[in-house]
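I wanted to look through this structure step by step and to note what I found. These are my entries, in the order in which I looked things up.

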Amino acid sequence: MQLQPPYRKIIHVDMDAFYASVEQLDNPDLMGKPVAVGGSEIRGVVSAASYEARKFGVRSAMSGVLAKKKCPHLIFVPPRFDRYKEISAKIRSIFYDYTDLVEPLSLDEAYLDVTENKKRNPSASVIAQEIRERIWNELQLRASAGISINKFIAKVASDINKPNGQKTINPEDVMTFLEQLSVNKFYGVGKVTAAKMHNNGIFTGFDLKKKSLEELTALFGKSGKHYYNIVRGIHNSIVKPDRIRKSIAAERTFNENLSSEIFMLERLEKIADELERRMMKSKTKGKTVTLKIKYSDFTQQTRSKTVNHFIAKKDDFIPVVKELLFQEKLKNSVRLLGISFSNLDSEKKEPVWVQLEFNF
């Protein structure tokens, strides 16, 4: 099976160790040193790690205690999301010099469709190189990029020559690239799915391609069709510049575990203040309120309730939060609480971009 033109020209730009790199940029004393954003050697979770820290095995979502064990001279710094958003906006403005078809995935990565672009440059690879050079020259930050015919392959490709590199998978090379690719490298295939694939003799794209649609559906349900298509280079998802935020949330990780609902209510009041501020700023309302609880053993629980009208003010949703808190007995002491709104009234509004903030 050969892919047929016309082909899209998609770039996936991924900033290198973005949060940590911004911290090193703003504080030259941190340059060349292992840095962890968030967490601490006492508790908390690492949000991001510099490449110097990654050499020791420090990774995002790792507990601060474990990170410190792996890298005793690790430097912890608190996150500054306002600063990251400020830099992210400058990066995005560079993207818009080339195309209006920009789909941000987070503060530090985005898809660009440059099939038709403002520079009238037929080479997506040259555009990606120019964007990366501009990010460095204007912001002194490094970025990597993947370039190919669809979002899936571009995303996979952007990881190949990290950090500070790029990889182009040309149309004629797509099938060979996918067949040789380890299933662990397929975007969206996590450890559990990869293990299941391995147990069924699927280690590479070539192995995956040998499986029929019926076999893959039997093994992986609805995802089976997705795997059947992507290994054949079929991924028709377009770059969506107007992705709508589906939820807005605020949460806090505590320095000490909480075992009393009274103390939890005090913290939830403050979290609710922050969530109300974000809802007001985004001019958004929601119907579904969710309480997130993470226990001291790192297990997580969510409790939700949907009301019959859109709300956004604290006075309207804090009673729902309290009801959810006392809905059932807590299983353990609590290390994190969060409140979120979903089922928003923003379907016809501008996108709502919210970065969760953490109190480490």
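Entry one, confidence. I am reading a predicted model, and I first looked up its pLDDT, which has a mean of 91 over the chain, with 94% of the residues at 70 or more. I then found that pLDDT stays under 50 over residues 348-360, although the model has 46 contacts beyond four places in sequence for them.

At its N-terminal end I found a cap by S260, a side-chain oxygen of which lies 3.2 Å from the backbone nitrogen of I262. Just after the helix, K283 takes a positive phi of about 55°. I listed the buried residues of α12 as M264, L268, I271, A272, E274, L275, R278 and M279, and what covers them includes β9, β10, β11, α13 and β12.

I looked up residues 314-325, which form the twelve residues of α13, and the helix reaches 16 Å from its first C-alpha to its last, close to the 16 Å expected. Which of its residues are buried? I found K314, F317, I318, V320, V321, L324 and L325. Seen down the axis of α13, these buried residues fall within an arc of 160°, so they line one face of the helix. Their cover includes α12, β10, β11 and β12.

Key. Residues are numbered from 1 along each chain as its sequence is written. This is a predicted model: local features need pLDDT of at least 70, side-chain atom pairs count only at pLDDT 80 or more; totals for chains, interfaces and linings use all residues. Side-chain values use heavy atoms; hydrogens and water are left out. pLDDT is the predictor's confidence in each residue, from 0 to 100. Contact means heavy atoms within 4.5 Å. Helices (H or I, at least four residues) and strands (E, at least two) are DSSP runs, numbered from the N terminus. The expected span of a helix is 1.5 Å times one less than its number of residues. Buried means under 20% relative accessible area, exposed over 50%, partly exposed in between (1.4 Å probe, protein chains only). The arc is that of the directions from the helix axis to the C-beta atoms. A polar contact is a pair of N or O atoms within 3.5 Å; within protein, one must be able to donate a hydrogen and the other to accept it, and residues adjacent in sequence count only if both atoms are side-chain atoms.
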